[in-house]
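Dear colleague,

Please find below the structure that I would like to hand over to you. My notes on it follow directly after the sequence and the coordinates.

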Amino acid sequence: MTDPSPIIRPDMTVLDVVSRYRETEKIFKAYDDVAGECICCQALFEPLKAVAKKYGLDLKQFLEDLKAAAVSEVANGDHTDELS
């Protein structure tokens, strides 16, 4: 049995997060304005920690926002853990 609480770590890539939790795509799009470019287009294979550093994002807040979207997805029953 897997833990239903989403775990998003700084070492996960953008692709890891979006493929596991589709609702996080909205968060990445929201951060595009701050980044000045499409994060999913330009940093898909980069770890979240590197993305935050590259674009001057607050890593803690970035991770919290992504996790909130993932928690919402899981709570709504829209999540399928493809990696389990």
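Among contacts between residues at least 6 apart in sequence, 61% join residues at least 24 apart. Please bear in mind that this is a predicted model. The chain holds five helices and zero strands, so that its pattern, read along the sequence, is α-α-α-α-α. Of its 84 residues, 33% count as buried. The accessible surface of the chain comes to about 5200 Å², and 53% of that surface belongs to carbon and sulfur atoms.

Helix packing

I turn next to the contacts that involve helix H5. Two packed helices are described by the angle between their axes and the distance between the axes.

The axes of helix H4 (residues 48-55) and helix H5 (residues 59-75) come within 10 Å and cross at roughly 125°. H4 is therefore oblique to H5. The crossing of H4 with H5 is right-handed. On the H4 side, the contact is made by Leu48, Lys49, Val51 and Ala52; on the H5 side, the residues are Leu59, Phe62, Leu63 and Leu66. By class, this contact of H4 with H5 comprises seven nonpolar residues, no polar residue and one charged residue.

Helix H2 (residues 24-35) also packs with H5, at an angle of about 145° and with the axes 8 Å apart. Here Thr24, Ile27, Phe28 and Tyr31 of H2 meet Gln61, Phe62, Asp65, Leu66, Ala69 and Ala70 of H5. The residues of the contact of H2 with H5 divide into seven nonpolar, two polar and one charged.

Leaving aside neighbours within four places in sequence, proline 6 is in contact with Tyr21, Lys67, Ala70, Val71 and Val74. The C-alpha atoms of proline 6 and lysine 67 are separated by 6.6 Å, although the two residues lie 61 residues apart along the chain.

Valine 74, one of the contacts of proline 6, is placed in helix H5. Valine 74 counts as partly exposed, because its relative accessibility is 24%. Between the C-alpha atoms of valine 74 and proline 6 the separation is 7.7 Å, and along the chain the two are 68 residues apart.

Is threonine 13 buried or exposed? With a relative accessible area of 16%, threonine 13 is buried. Beyond its neighbours within four places in sequence, threonine 13 is in contact with Leu44, Phe45, Glu46 and Pro47.

The loop between H4 and H5

Glycine 56 is located in the loop that lies between H4 and H5. Its relative accessible area is 62%, so glycine 56 is exposed, the cut-off being over 50%. Glycine 56 and valine 34 are 22 residues apart in sequence, and their C-alpha atoms are 8.4 Å apart in space.

With kind regards

Notes. Residues numbered from 1 in each chain as written. Predicted model: local features only at pLDDT ≥ 70, side-chain atom pairs only at ≥ 80, totals over all residues. Heavy atoms only, no water. Axes fitted to C-alpha atoms, helices over the stretch in contact; angles between N-to-C directions. Helix = DSSP H or I, 4+ residues; strand = E, 2+ residues; numbered from the N terminus. Parallel < 35°, antiparallel > 145°, perpendicular 65-115°, else oblique. Left-handed = near helix turned anticlockwise from the far one by under 90°. Contact = heavy atoms within 4.5 Å. Nonpolar A, V, L, I, M, F, W, Y, C, P; charged D, E, K, R; others polar. Buried < 20%, exposed > 50% of the residue type's maximum accessible area, 1.4 Å probe, protein only. Areas by Shrake-Rupley, 256 points an atom, 1.4 Å probe, with all protein chains shown as cover.
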